Amino acid sequence: MSTNKDNKIVALNYIKEQIITCAIPPGTTLQADEIAAHLKISKTPVREALLELQYENYVTIIPRKKTIVSPISLKDLEYIYEARSLNEIAIISNLTPEDIDNHREKLLKLEHQWKNIPVDTDSKNAYMDFLKQDTIFHIQLLNLSKNPHLIRFCSELIYKSQRFWYMALFNNSLETIRSEHLAILRALLSKNMNEAAACAQKHISISKAVSILSN
């Protein structure tokens with residue numbers, strides 16, 4: 001039997017995914033009873049999930065009035081990418097050859113996946129699936145770190161930056177993203193952390209520029 005805590009996690013993950021993928025756009029009013037009915041749970045865990053999402057700045061709760069999906073601005077984007085750059089580059093730069101050896105099988109599997117990932121598509125669903133794989137790629141790189149707190153913090157930054165990418169459907173070159181990912185992986189597999197960090201820095205900078213132009 002599911003507990004209130006379990007249902008809160010279900011509600012949290014559902015609402016968060018809907019916001020990140022822009023299935024629920026910024027400014028939309030959220031109805032706790034409608035979400036609860038959709039998920040077939042009570043309203044209490046939904047309200048608890050919304051309170052946590054307010055803390056993470058995904059929603060804005062106006063007491064006794066309404067809850068809306070928080071708007072996002074170019075300034076938000078700049079702050080998010082600045083934080084991503086500082087932290088993700090540090091993670092890659094601090095990897096050791098032993099770290100690469102320990103994760104080589106995973107890195108090779110990731111490289112194979114990105115060599116074969118489809119990039120020629122004009123389907124919205126296929127494009128959104130590509131963006132999900134892009135999120136997974138960056139989080140897998142974060143997982144090379146031994147610091148769980150840093151992984152959690154950086155993962156949240158990646159989720160927030162992806163909101164801009166979902167808002168800019170078809171304005172991004174999937175082939176460019178694939179080639180940049182592969183460049184990072186090749187450098188890591190060669191145990192060239194400086195080169196991997198430089199490739200990651202370039203990738204993040206380009207992603208930021210494309211997001212700004214698209215919004």
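Predicted model: local features only at pLDDT ≥ 70, side-chain atom pairs only at ≥ 80, totals over all residues.
Modeller: Residues are numbered from 1 along each chain as its sequence is written, and side-chain values use heavy atoms, with hydrogens and water left out.

Colleague: Why is tryptophan 114 counted as buried?

Modeller: Buried means under 20% relative accessible area, exposed over 50% and partly exposed in between, with a 1.4 Å probe and protein chains only. Tryptophan 114 has 0% relative accessibility, and therefore counts as buried. Phenylalanine 130, at 2%, counts as buried as well.

Colleague: What makes the pair of tryptophan 114 and phenylalanine 130 edge-to-face?

Modeller: Rings of Phe, Tyr and Trp (its six-membered ring) pair if their centres lie within 6.5 Å; planes under 30 degrees apart count as stacked, over 60 as edge-to-face and the rest as tilted. The search of the whole structure finds 2 aromatic pairs. For tryptophan 114 and phenylalanine 130, the centres are 5.3 Å apart and the planes stand at 80 degrees, so the pair is edge-to-face. This pair links helix H5 (residues 97–116) to helix H6 (residues 124–142), across 16 residues.

Colleague: Why is the pair of tryptophan 114 and phenylalanine 137 edge-to-face?

Modeller: The ring centres of tryptophan 114 and phenylalanine 137 are 5.6 Å apart and the planes are at 70 degrees, so the pair is edge-to-face. Trp114, Phe130 and Phe137 form one aromatic cluster.

Colleague: What makes lysine 160 lie over the face of tyrosine 58?

Modeller: A charge sits over a ring if NZ of Lys or CZ of Arg is within 6 Å of the ring centre and within 35 degrees of the ring normal. Lysine 160 lies over the face of tyrosine 58, at 5.4 Å from the ring centre.

Colleague: How do you know which side of helix H2 is buried?

Modeller: Helices (H or I, at least four residues) and strands (E, at least two) are DSSP runs, numbered from the N terminus. In H2 (residues 32–39), Ala32, Ile35, Ala36 and Leu39 are buried. These residues cover an arc of only 100 degrees around the axis, which puts them on the same side of H2; the arc is that of the directions from the helix axis to the C-beta atoms. The face turned away from the buried side carries the exposed residues Glu34 and Ala37.

Colleague: Why are S1 and S2 said to stand at the edges of the sheet?

Modeller: Two strands pair if DSSP finds at least two bridges between them. The open sheet of 3 strands has the order S1-S3-S2, with antiparallel pairing. S1 and strand S2 (59–62) each have a single partner strand, so one side of each is left without a neighbour in the sheet. Between S1 and strand S3 (residues 66–69) there are 2 bridges.
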